[in-house]
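Let's read a protein model together, one feature at a time.

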Amino acid sequence: MAKKSVFIWHDNYLDYSFPADHPFKSLRESMAKKLMEERGFFHYIDIVTPKPIEDEELEKIHDKKYIKFVKEMSQKGTGYLDDGDTPAFKGIYEAAKIRVGGSVKALEMIESGYDVAINIGGGFHHAKRSSAEGFCVFNDVALIAKLAEKKYKIAIVDIDGHHADGTQEILYDDNRVLKISLHMYHKNFFPGTGNYDEIGEGNGKGLTLNVPLPPGTADDAYIYAFKETAVKKLLKFKPELTIIVDGGDSHFGDPLVELKLSTKGYYNVIQEILNAIQNSKIILLGGGGYNYDSTARIWTISTAEISGIYSSDIDILHDCCYTSSTNFVMNKVRDVVEKIKQIHNLN
């Protein structure tokens, strides 16, 4: 059934694109929007234009000194905002602010009566309180959770291939927000955090659920892990607003991550989320994804499923087949799942 849905878009999103051979390019967003336009999505989904976020709003989760640093580096246009992943370029400050503004606009539209708000230009889950990290300047995921928590009980479900470390850091002791992250994990893989024993602290203890997955985790093992951990946690928690970070880099074609989800696997994960949060409003954010074709297809398929748009024109965007994990990988995933179920009492 079609849901009252809105798509947040500004052409200035395309300014958030790193130079030279950097893997983060805004081509992904324009490709996804084109796929949606070609399939008539915007006959069913409204489009709204956001404004850049104000510094005062950013100060709810970021240090003033850090915001000033980004502004100065943006004017300078050279150097890095972190240890070498996130280069500064002229205008990066403004480009980041319009993207975060898009996620805040998504929340505003939910509060005005929409069931679903989509901002594929968002999902910057690595940005920390006082530093950039992993191509992320300002953390829109944590910000909208903070803004919304006075009104809603919130779940963040992050299926990006990298751990949502910035979101976790900012919200680690928050008892109004459930933080779920499934991601590839080993000590030498960025960002090196997100093991199953990181579960929150203080009032937020037990509200951080990390599902670390070995390289080679394909549809079968991923969906098994998701159902046994994230779905059970969501059913217990019963969120009123669910923020999904739909990073495309868990796909088997991604050059930076060695997970092996297909588009069909992503589709099944989205279905599992929808089944577990039936009365919740939804904000869908983009996130990572460095194979631009597969990322654009994933975002289009996810948008259709969450908004209730059904068409054979969407079916043809899928990969041919589901992917399978080796027995070695499946056994590792089963071991991790059992540990998580014990820690979070999910049996």
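Q: By class, which residues does the lining of the largest pocket have?

A: First, the general idea. Rolling a probe the size of a water molecule over the atoms shows where empty space is left. A pocket is an open set of points on a 1 Å grid over the protein atoms alone, where a 1.4 Å probe fits, with protein on both sides within 12 Å along at least five of seven lines; lining residues have an atom within 4 Å of a point. Here, the lining of the largest pocket has four nonpolar, five polar and four charged residues. Ala, Val, Leu, Ile, Met, Phe, Trp, Tyr, Cys and Pro count as nonpolar, Asp, Glu, Lys and Arg as charged, and the others, Gly among them, as polar.

Q: Before we go on, what kind of model is this?

A: This is a predicted model, where local features need pLDDT of at least 70 and side-chain atom pairs count only at pLDDT 80 or more, while totals for chains, interfaces and linings use all residues. Residues are numbered from 1 along each chain as its sequence is written, and side-chain values use heavy atoms, leaving out hydrogens and water.

Q: Where do I look for the centre of the largest pocket, and which residues lie nearest?

A: Find Lys3, Leu274, Ile277, Gln278 and Ser280, which lie nearest the centre among the 13 lining residues. The space in this pocket is about 260 Å³, a volume filled by probe spheres set on grid points that are joined across faces, edges and corners. Helix H8 (263-276) and strand S8 (281-285) each supply at least two lining residues, and H8 gives the largest share, three residues. The labels come from DSSP runs: helices (H or I, at least four residues) and strands (E, at least two), numbered from the N terminus.

Q: What volume does the second largest pocket have?

A: Its volume is about 180 Å³. Helix H4 supplies the largest share of the lining, four residues. By class, this lining has three nonpolar, two polar and five charged residues.

Q: In what order do the strands of the sheet come?

A: Strands pair if DSSP finds at least two bridges between them. In this model, eight strands make an open sheet with parallel pairing, in the order S2-S1-S3-S8-S7-S4-S5-S6. Strand S2 (46-48) and strand S6 (208-213) are at the edges with a single partner strand each, so one side of each has no neighbour in the sheet. Further in, strand S3 (residues 116-119) runs parallel to S8 and is joined to it by four bridges.

Q: How do helices H3 and H4 pack, and at what angle?

A: Axes are lines fitted to C-alpha atoms, for helices over the stretch in contact, and angles run from 0 to 180 degrees between N-to-C directions. Angles under 35 degrees count as roughly parallel, over 145 as roughly antiparallel, 65 to 115 as roughly perpendicular and the rest as oblique. Helix H3 (residues 64-76) and helix H4 (residues 92-111) pack at about 130 degrees, with axes 7 Å apart, which means that H3 is oblique to H4. Their contact (heavy atoms within 4.5 Å) involves Ile67, Val70, Lys71 and Ser74 of H3 and Ile92, Tyr93 and Glu94 of H4.

Q: Which residues does a cis peptide bond join?

A: Look at the angle omega: the cis bond joins Phe190 and Pro191, with omega about -5 degrees. Pro191 sits in the loop between S5 and S6.
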